[in-house]
Amino acid sequence: MITFIVSLVCLVLGYVIYGGVVERVMRPDGRETPAVRLADGVDYVALPTWKVFMIQFLNIAGTGPIFGAIMGMWFGPAAYLWIVLGCIFAGAVHDFMSGMLSMRLDGASLPTMIGQYLGKGTRNVMLVFTVVLLMMVGAVFVYSPALILYSLWGKWVGLLAWIVIIFLYYVLATMMPIDKIIGRIYPLFAIALIVMAVGLLVGLLVKMPALPELWDMGKMEPWLTAQTTESGKDLLGVTAYLQKNPLFPCLFITIACGAISGFHATQSPLMARCLKSERLARPVFYGAMITEGLVALIWATVSSYFFYYGGWQEVVPAERVAEFMAQVELADGKTLIQYFSAPDVVKLVCSGWLGVAGGTLAILGVVAAPITSGDTAFRSARLIIAEWLHLDQQKIRSRLVVAVPLFVCSLVLLVWQINNPDGFNVLWQYFGWSNQALSVFTLWMLTVCLAENHKAYVITLVPAVLMTVVAVTFLVVSPQALGLKGVTGVTAAIVVVVSLVWFALWYRNHVSNDPKGKLTK
């Protein structure tokens, strides 16, 4: 596990070294923050720093660094490289810069910030885009945890009842002051998620399985051959999966929250309204993203152990092993990556390694994490719409004016998802791409902001170009979109050239002759 251990060290060093570089670009100072200056007891509430960190971590984490990392490891050890480099140089920068900028703009939401730097037209498009994305997050994260809860306690509580319970919780969490529900229960769930990750880390270090390393990319035959049946059938299923889903750009879409995720920029303003000092922005925003990267690394390694090392046979009950082996030889038999879903891996490994406590933590991981992402998604949507309509949210009546239509639209989306046999998968695919497309707009907004203020815009320009390439190339080559083959390199090259030429022309016309900056005012 050399790649894994080195990756862990690199993430920590990334926070210390590159996090310091990025912080110096924004120069946090002692000015009064929105949490203090605009305190309203509802959304602008100064909270203890440790609580803000835990809430931010859980807001951005959800099941992303767990499920995404498990599925991302199907692409092989390249997942390590993307998690480490993406987290340090793209995701953490994206989260920190959007959080800091929001603090400088009185806790402004993402569409408002985009409007200030990319224009009103872009703001209006992103307003609709962001609200729809947040409603998709809410709908997805009602149904998926309800299904899990029903599978556990379906004898006592039906599926519809679980959906109603979760949705009612969303209503309460969206409407109540942030310190009443979110501020009290989120830190507990975040601690549980971190304890689960630490327990798995210890398990990995004790077992020390021989896993594929980064330098094994391109010569994975020993691990693929080990997962082949006597009849020569591919037991693992990774080869067929990669034929349909090329490593670039699909890996960059599959692992989002563990590397970079546009959804995070909708969450950072929530905590920008709760920080007592700008100097706390680096540990809260950059630090939370690095912590999420550490969690993603652990789960990616657990996935490698489960699928490549054959660890599934150690944690799966004997009868289920026999059941899987019996069906794999059938014409329509499922491979390992088809038979064991990401939630299966979570429950089986946690229960097998951590016992009863692990099973409990697994439930928190696959149930509480998506629920806590869903409620803050709705809260973000409420605040974005209220900001656009200039509606003060201190009074409950004003919150209802925004929230009721929002929840009605979400219910319609939820009903469609339930009644459509493939509704969840369709919604998740759109969410995955939309998530990364949102990061593109956020990074370009931050680049324009830094350039206008004559600061080191290269720190956001490089990831902005990269994520633009990822988003556009995915639309061109993915079988879920246009599905064109053999054009990945050409598409990427065209996007890079167009992006850099556009930025150079804009910079020459709008920045090069303007010696003044506005960011620190």
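A salt bridge is a side-chain nitrogen of Lys or Arg within 4 Å of a carboxyl oxygen of Asp or Glu. The views below come from a predicted model, in which local features need pLDDT of at least 70 and side-chain atom pairs count only at pLDDT 80 or more, while totals for chains, interfaces and linings use all residues. Residues are numbered from 1 along each chain as its sequence is written, and side-chain values use heavy atoms, with hydrogens and water left out.

**View 1. The salt bridge between Arg282 and Glu23.** The closest N and O atoms of this pair are 3.4 Å apart. Arg282 belongs to helix α15 (residues 281-307) and Glu23 to helix α2 (residues 18-26), so the pair ties together parts that are 259 residues apart in sequence. Helices here are DSSP runs (H or I, at least four residues; strands are E, at least two), numbered from the N terminus. Both Arg282 and Glu23 are buried; buried means under 20% relative accessible area, exposed over 50%, and partly exposed in between (1.4 Å probe, protein chains only). A search of the whole structure finds ten salt bridges.

**View 2. The salt bridge between Glu314 and Lys207.** Here the closest N and O atoms lie 3.5 Å apart. Glu314 is in helix α16 (residues 312-315) and Lys207 in helix α10 (residues 182-207), so this pair ties together parts that are 107 residues apart in sequence. Glu314 is partly exposed at 48% relative accessibility, and Lys207 is partly exposed at 41%.

**View 3. A salt-bridge network that includes Asp29 and Arg31.** Salt bridges with shared partners join Asp29, Arg31, Arg104 and Glu278 into one network. Within it, the side chains of Arg31 and Asp29 meet at 2.8 Å, N to O. Arg31 is partly exposed, at 25% relative accessible area, and Asp29 is partly exposed at 24%.

**View 4. The largest cavity and its lining.** A cavity is a set of points on a 1 Å grid over the protein atoms alone where a 1.4 Å probe fits but cannot get out, and lining residues have an atom within 4 Å of a point. The whole structure has two cavities of 30 Å³ or more, and the largest holds about 50 Å³ of space. Grid points are joined across faces, edges and corners, and a volume is the space filled by probe spheres set on the points. Among the residues lining the largest cavity are Ser109, Thr266, Arg273 and Ile384. Helices α14 (264-272) and α19 (342-389) each supply at least two lining residues.

Note on methods:
On a 1 Å grid over the protein atoms alone, a cavity is a set of points where a 1.4 Å probe fits but cannot get out, and a pocket is an open set with protein on both sides within 12 Å along at least five of seven lines; lining residues have an atom within 4 Å of a point.
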